[in-house]
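Colleague: Could you walk me through this model? I'd like to start with how the chains meet.

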There are 4 protein chains.
Amino acid sequence: MLSAQDFKGVYGILPTPATDGADRWDATDTVDLDETARLTEKLIADGCSGLLALGTTGECATLTGDEFEAFADCLLSTVGKRVPVLVGATTLGTHETVRRLRFLRDRGADGTMLGLPMWQPCSEQQAVKFYASISEAFPDMAIMVYANPHAFRFSFPVSFWGAVAEAAPTVTSAKFANPASYLECLAASRSKINFLPIDSMALAFAQQSPDAMTASWATAACMGPQPCVALMKAIDAKDFDLARDITKDIAWANETFIPGGNVEEFGKFNLQLEKIRFQESGYCRPGPIRPPYDIVPDEYAEGARECGRRWSEMVKKYTSTGVRQ
Amino acid sequence: MLSAQDFKGVYGILPTPATDGADRWDATDTVDLDETARLTEKLIADGCSGLLALGTTGECATLTGDEFEAFADCLLSTVGKRVPVLVGATTLGTHETVRRLRFLRDRGADGTMLGLPMWQPCSEQQAVKFYASISEAFPDMAIMVYANPHAFRFSFPVSFWGAVAEAAPTVTSAKFANPASYLECLAASRSKINFLPIDSMALAFAQQSPDAMTASWATAACMGPQPCVALMKAIDAKDFDLARDITKDIAWANETFIPGGNVEEFGKFNLQLEKIRFQESGYCRPGPIRPPYDIVPDEYAEGARECGRRWSEMVKKYTSTGVRQ
Amino acid sequence: MLSAQDFKGVYGILPTPATDGADRWDATDTVDLDETARLTEKLIADGCSGLLALGTTGECATLTGDEFEAFADCLLSTVGKRVPVLVGATTLGTHETVRRLRFLRDRGADGTMLGLPMWQPCSEQQAVKFYASISEAFPDMAIMVYANPHAFRFSFPVSFWGAVAEAAPTVTSAKFANPASYLECLAASRSKINFLPIDSMALAFAQQSPDAMTASWATAACMGPQPCVALMKAIDAKDFDLARDITKDIAWANETFIPGGNVEEFGKFNLQLEKIRFQESGYCRPGPIRPPYDIVPDEYAEGARECGRRWSEMVKKYTSTGVRQ
Amino acid sequence: MLSAQDFKGVYGILPTPATDGADRWDATDTVDLDETARLTEKLIADGCSGLLALGTTGECATLTGDEFEAFADCLLSTVGKRVPVLVGATTLGTHETVRRLRFLRDRGADGTMLGLPMWQPCSEQQAVKFYASISEAFPDMAIMVYANPHAFRFSFPVSFWGAVAEAAPTVTSAKFANPASYLECLAASRSKINFLPIDSMALAFAQQSPDAMTASWATAACMGPQPCVALMKAIDAKDFDLARDITKDIAWANETFIPGGNVEEFGKFNLQLEKIRFQESGYCRPGPIRPPYDIVPDEYAEGARECGRRWSEMVKKYTSTGVRQ
């Protein structure tokens, strides 16, 4: 099973590509399997060390059960164990999550990226018990905690990481976004959990703990993972001057992505904006947004498109100049 | 189709009775169908004019797809069109909601009690469009908007009711809890929507608009609907002194139910507390709570049990003294 | 000292009238004392049974210490003990509140309308202790708890009212806005506290407990208190049909006041909107809004002006037709 | 006037030392001026490059006007222009803030650390206009924006920094805590604003932009500023290995300070916990906590005391081993 120490490099986050008309209420069977396979191959070829799927950007919320199975099956058989894959199984309850995880285990997923059931906001005790149950149920699958405080209305405090590391031994990583408490969370987990930062924060995490920061996640990978891969290589080589230059390039590309820089506002439209910037970059074809989340203010959408254009331009630099070598 | 004017009397809200062991992570097929049928008959016999199912208390969040179908099928065939039934189909996305509604329509449900998809908090535009889509998809099924601001992180403002009444003609009722804006919401909907209050607020709503307040909802019905039925009869007969006495009895029974009177705190444990008070009252057998929401602080649970005992005692008064006649 | 039972009729809420230029950052000495005296006389003449001042609408937040004293002195000497007056002394800390209350006591205020210090959101224990301290400090002044959950980030739960009634014997009333928990709060306080509703909710409260609901508060009084006074007389006479008609008139006048019916949004601009509707009604001259709260979206302002116009029209009905007699 | 480029080294944040009995509601004249002068001298002697006062930790919320003046006068005359001093003048309104700033200017303060008036949560437009007004009023005093999103219920988004840098030319620094948007905020301000991080995040900021990160703030300075000073020297010398070791020492000392690592919970008790750890460290005598914020759960207090003990132990290392040289 994937331990904390096994996570390396860039974990690209895939959308669930949608067929034409997927934004209609009467659409069924909306997964574009050809694009799923094509994008999966491309991400591996362009340097992703691992893949994450069926989180917010993967529209886990709006797939039917059949679509979930169709997508996961295509993804896992395309990868064929070449790189680790963690597939989301977040639902509103434990039983449905268990049902989906049985499917994923049987298809060979290495693990799952798993958020909290969100009908009620969970207490810390509930949250720990939830992950402990899943850990007991699937002792061979790694759990990456999907630690998004806005989506799940749970602050994922330091004490949670201590408790979950103890009660749920298969929790070995986290999709994480809180640099201010990185060292405390790492200590609380007794290094059993690898707290993966987003690409743009990888250097800041590395400076706090170069040994522990071995991998990052990137939704941006679906506009071309090359800058993220170059960044992780620079950090791995302790070339912090180069890492800083790449981080600045990424910040420039992302400048218009978060509406007004307001993270709470972004959380109301994040999946829409991700799909829009992917589409604009030309790297993949995510297709229409599934309802009811298919609405976004025009000016926010334009910020995402500008991000897609800038990222696409930046990718050229990281493929032509030999920075990757 | 059920119009706003068709809602009368007490709409009892059912739990989804659970079999022993339903609180285990490996439970499957957890619906207690015998108890479902028994409780349904009892609620009709004891005076409910309509039934609501598969909301928060009905554990809509934690049923698998198969369990959803088994419960709904049993409920609808037991009722056999004797009273209106609205069954929940709230999910995280439009497509799965549509899939469930097709099943409900085919089994003869009169309508659906429908909350908002909650992965992202909806903007007003998204919320209106969501109900409009469902209305277009099922022009013969009545929608009761499940207007719970805490659960859905949406304030259901006055302007929403005006817009949804216009865009979604099958929205003819709301499970509603905001007496302060009752008249404004009613006016905004141009009386196309019946805003049903909870039993304990029915008199306060009636005083604001006796013509419009024709029906209330009651989760408490599953401890015995008799006091709620007596209350609605008193209000219908314009006997406000009697209605006030009954309202006070209900307030006494509920005194220990909301932890510290704090509605936000209640929202973190509402389904647990509902099932606990049902169980204690002896009126039905809701069974174990499905995970992961099966945790609740002891002192909160004791408040719910005290409520169950008081309600049970109060029911005796309303069945023996002839108040109901 | 004013006990819970002493509160009767309509408590009008005054603004702190401002001189020209009060919205400039370099303004000093901004209280329009002539208008303060004129409005005070008018409110008493037109039927207010009591007065409240220096809450949100009274711009307690933006007055300097000298302005606080000048306004309070003018108000209290104008009233001359003809009706009860409760003056706000909410500040960010206990010591400054004590200092202001000494001034008010020496000038003859009957009590104070007092919110919570808001630098940190208070725990229940802090909130109770705060009121207990003030009660110990001023055993002869009645405290009206200014129970605004949005402003003070405190939910004022039922358990708070039980504890504060015990620990702070001079707390005998509350400016209250939560009809859903009215009976529970009343019971928790063992009827030691009079929970005054806003004018528009007075009938709904009265129906829940006609004996306890003896007085209401009204910021709308500063557009003319006559409809509010007529309403309280109808309720007092148990003429609920008339009370309902007046409540509907008030709802019509208020229809455009709360932006989109969204109370949270209103809370960001409430004092601005109050002053704007007062000004438009012509009943008083509140003057400019003191900075930094002198900004409000245009469409919200227009809703407030429409409210002022409608209220002004409604007042004519209640002064010419003899409804008040 | 202090420009963004003028901020260097460690800005220590002072409490406002309190005399015995300052936690009583009837206390007056609570500032311990001897300790104020003693601590000020000590912080300068031990390496602070600048001082900040009268923020949350300085109990700006609970001082009376006279106490504000007594403290500020003592602080400024003790410093005598040896290091820059920015003194808080956050109040609930513009006029009182202007009044306090006149006093500070006349006593020689270099600038002010200034939060937002908090009666209503400010819109971005209000927030920008507020700082613009103060900038116009005091063109020779530097403003450090006190960017605490929890206290002021304002998210201080990227767009705010762009607008305020334009509209308020004296805003040249910010007490800042958001590493995730550091580069974006810096770019938005066109480098006119120095975004000072807390000591524990200084290295992470420096890695993102070594040129821009020239100074940090530290409440921990009042337990002994030596580790913070050593850290800033290491960063200035580009000795990132040493900087990382010091950062780890600081993280160890702080391990028990934030209750459960939950920043929101910390925000309810921050000033109490700061004063408790100062007291335990023995470095200064902050004295009792002024009401009503003088309540804190026992286990939180113990975490703060442990932090004080650890910090005190750590200080020995940084004074005895020559690390500072």
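This is a predicted model: local features need pLDDT of at least 70, side-chain atom pairs count only at pLDDT 80 or more; totals for chains, interfaces and linings use all residues.

**Chains and their interfaces**

Colleague: How many residue pairs are in polar contact across the interface of chain C and chain D?

Modeller: The rule finds 23 of them, with both residues at pLDDT 80 or more. A polar contact here is a pair of N or O atoms within 3.5 Å; within protein, one must be able to donate a hydrogen and the other to accept it, and residues adjacent in sequence count only if both atoms are side-chain atoms.

Colleague: OK. Which helices of chain C supply at least two residues each to the side that touches chain D?

Modeller: Those are α3 (94-107), α4 (124-137), α5 (149-152) and α12 (270-281). α4(C) gives the most, with seven residues. Helices (H or I, at least four residues) and strands (E, at least two) are DSSP runs, numbered from the N terminus.

Colleague: And what classes of residue are on that side?

Modeller: The side of chain C that touches chain D has 22 nonpolar, 19 polar and 10 charged residues. Ala, Val, Leu, Ile, Met, Phe, Trp, Tyr, Cys and Pro count as nonpolar, Asp, Glu, Lys and Arg as charged, and the others, Gly among them, as polar.

Colleague: How many salt bridges are there between chain C and chain D?

Modeller: Two. In one of them, C:D294 pairs with D:K129, and the closest N and O atoms are 2.7 Å apart. The rule asks for a side-chain nitrogen of Lys or Arg within 4 Å of a carboxyl oxygen of Asp or Glu.

Colleague: What area is buried between chain C and chain D?

Modeller: About 4,400 Å², with carbon and sulfur atoms giving 61%. C:W25, C:H95 and C:W119 supply 23% of the area that chain C buries there, more than any other three residues. Buried area is the accessible area (1.4 Å probe) that two parts lose on being put together, summed over both. In contact terms (heavy atoms within 4.5 Å), 51 residues of chain C meet 51 residues of chain D.

Colleague: How is chain C laid on chain D?

Modeller: A turn of 180° with a shift of 0.0 Å along the axis does it, with an RMSD of 0.0 Å. The two copies are thus related as by a two-fold rotation axis. Copies are superposed by least squares on the C-alpha atoms of residues with pLDDT of at least 70 in both. Also, 100% of the interface residues of chain C are interface residues in chain D too, so the copies meet through the same surface.

Colleague: How many salt bridges and polar contacts?

Modeller: Zero salt bridges, and eight residue pairs in polar contact.

Colleague: What of chain A and chain C?

Modeller: No contact joins chain A and chain C, and their closest C-alpha atoms lie 16 Å apart. Chain B and chain D do not touch either, with nearest C-alpha atoms 16 Å apart.

Colleague: Last one: which residues does UniProt list as "active site"?

Modeller: The unreviewed UniProt entry lists A:Y146 and A:K175. They are spread over 30 residues of sequence but cluster in space, with a largest C-alpha distance of 5.1 Å. UniProt positions are given in the numbering used here, feature names are shortened, and annotations may be inferred rather than shown by experiment. A:Y146 is found in strand β5 (residues 142-146) of chain A.

Terms used: Residues are numbered from 1 along each chain as its sequence is written. Chains are lettered from A and ligands numbered from 1 in the order in which they are written. Side-chain values use heavy atoms; hydrogens and water are left out.
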